[in-house]
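Trainee: I would like to learn how to read a model like this one. Can we take it feature by feature?

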Amino acid sequence: MSSHPIRRDSPCSATLSVFLSYITMSMSDSLNRRTLLRSTGAIAAAGLLAGCSGDGGGDATESATDDEMTESATDSGGSSMEASDEVAEYLGETSNFDGTVADMTGQDTVTVTVGSEANGGAFGYDPAAVQISSGTTVEFEWTGNGGTHNVKSEGDGPLDSGGAVDTEGVEYEHTFESSGTFRYYCTPHESLGMKGAIVVE
Ligand SMILES: [Cu+2]
């Protein structure tokens, strides 16, 4: 009941939202909202199992039911904030970006995993978008999954881990001394959406 398999990034959620709205409108007053959510949750799960469990797509369309609202911001165990337009645009095709930036400010060291499950395989950075304080060192920790990866800034940015490798462990780190938004990608998997952003305050 509390762990139904609805994927937040499913491209089917938009369709389901329309469906749920239709049901809501045609519902008689005799059923309360809780019952409605419970039954439509089952319908949604059935729909996903029937063929909507694909690669996740890009649109993070939300169907804001009570059940789903409670599942946000659990990945990094911390709070999150809404992403800027710059970050949201850059990560628009990145499946594990949900429109928010993980708040990891006030820490000396922050870890971003390289090769996390996303974008149709182990082709993601996790968290995809993170906010840190200036002076923080970001350790990029390879999972060893998804083939070879690297970390490379867009343009003249500061990040460059060199050639792509598949070795497990912290293969690269960088200390951010000045504020700004730093966008980066994996050379072999950029086209799949393996991209990330670090916001330094
Ligand atoms: Cu990669």
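Trainee: What share of the contacts with a separation of 6 or more joins residues 24 or more positions apart?

Mentor: Start with the term. Two residues are in contact if their C-beta atoms, placed from the backbone, lie within 7 Å. In the protein chain, residues 24 or more positions apart account for 69% of the contacts with a separation of 6 or more. Keep in mind that this is a predicted model: local features need pLDDT of at least 70, side-chain atom pairs count only at pLDDT 80 or more, and totals for chains, interfaces and linings use all residues. Residues are numbered from 1 along each chain as its sequence is written.

Trainee: Where does pLDDT stay under 50?

Mentor: pLDDT is the predictor's confidence in each residue, from 0 to 100. Where it is low, the predicted coordinates should not be read in detail. Here pLDDT stays under 50 over residues 1–76. The model has 63 contacts beyond four places in sequence for that stretch. The protein chain averages a pLDDT of 76, and 62% of the residues score at least 70.

Trainee: How many helices and strands does the protein chain have?

Mentor: Helices (H or I, at least four residues) and strands (E, at least two) are DSSP runs, numbered from the N terminus. The protein chain has four helices and 10 strands. Along the sequence the pattern reads α-α-α-β-α-β-β-β-β-β-β-β-β-β.

Trainee: What is the strand order in the open sheet?

Mentor: Two strands pair if DSSP finds at least two bridges between them. The open sheet has six strands in the order β1-β2-β5-β10-β9-β7, with mixed pairing. β1 and β7 (152–153) stand at the edges with a single partner strand each, so one side of each has no neighbour in the sheet.

Trainee: How many residues of β10 are buried?

Mentor: Count C-beta neighbours. A residue is buried if 20 or more other C-beta atoms lie within 10 Å of its own, exposed if 12 or fewer, and partly exposed in between; C-beta atoms are placed from the backbone. In β10, five of its six residues are buried. For the protein chain of 201 residues, the buried share is 32%.

Trainee: Which residues touch the most other members of the largest nonpolar core?

Mentor: In soluble globular proteins, nonpolar side chains tend to be buried together. A nonpolar core is a set of buried Ala, Val, Leu, Ile, Met, Phe, Trp, Tyr and Cys residues joined through C-beta atoms within 7 Å. The largest one has 32 residues; Val-87, Ala-129, Val-130, Ala-197 and Ile-198 touch the most other members. Elements giving two or more residues include α4 (85–90), β4 (121–126) and β6 (137–142). β3 gives the largest share, four residues. Beyond four places in sequence, Val-130 touches residues including Val-101, Met-104, Val-112 and Ile-198.

Trainee: Is Val-114 buried or exposed?

Mentor: Val-114 is buried, because 30 other C-beta atoms lie within 10 Å. Val-114 lies in β3 (residues 109–118). Its contacts beyond four places in sequence include Tyr-125, Phe-140, Trp-142 and Val-151. The C-alpha atoms of Val-114 and Asp-126 are separated by 6.9 Å, at 12 residues apart along the chain.

Trainee: Which residues does a cis peptide bond join?

Mentor: Most residues other than glycine have a negative phi, and most peptide bonds are trans. In this model, a cis peptide bond joins Asp-126 and Pro-127, with omega about -5 degrees. Pro-127 is in the loop between β4 and β5. Asn-119, not a glycine, has a positive phi of about 60 degrees. Asn-119 sits in the loop between β3 and β4 and counts as buried, with 26 C-beta neighbours inside 10 Å.
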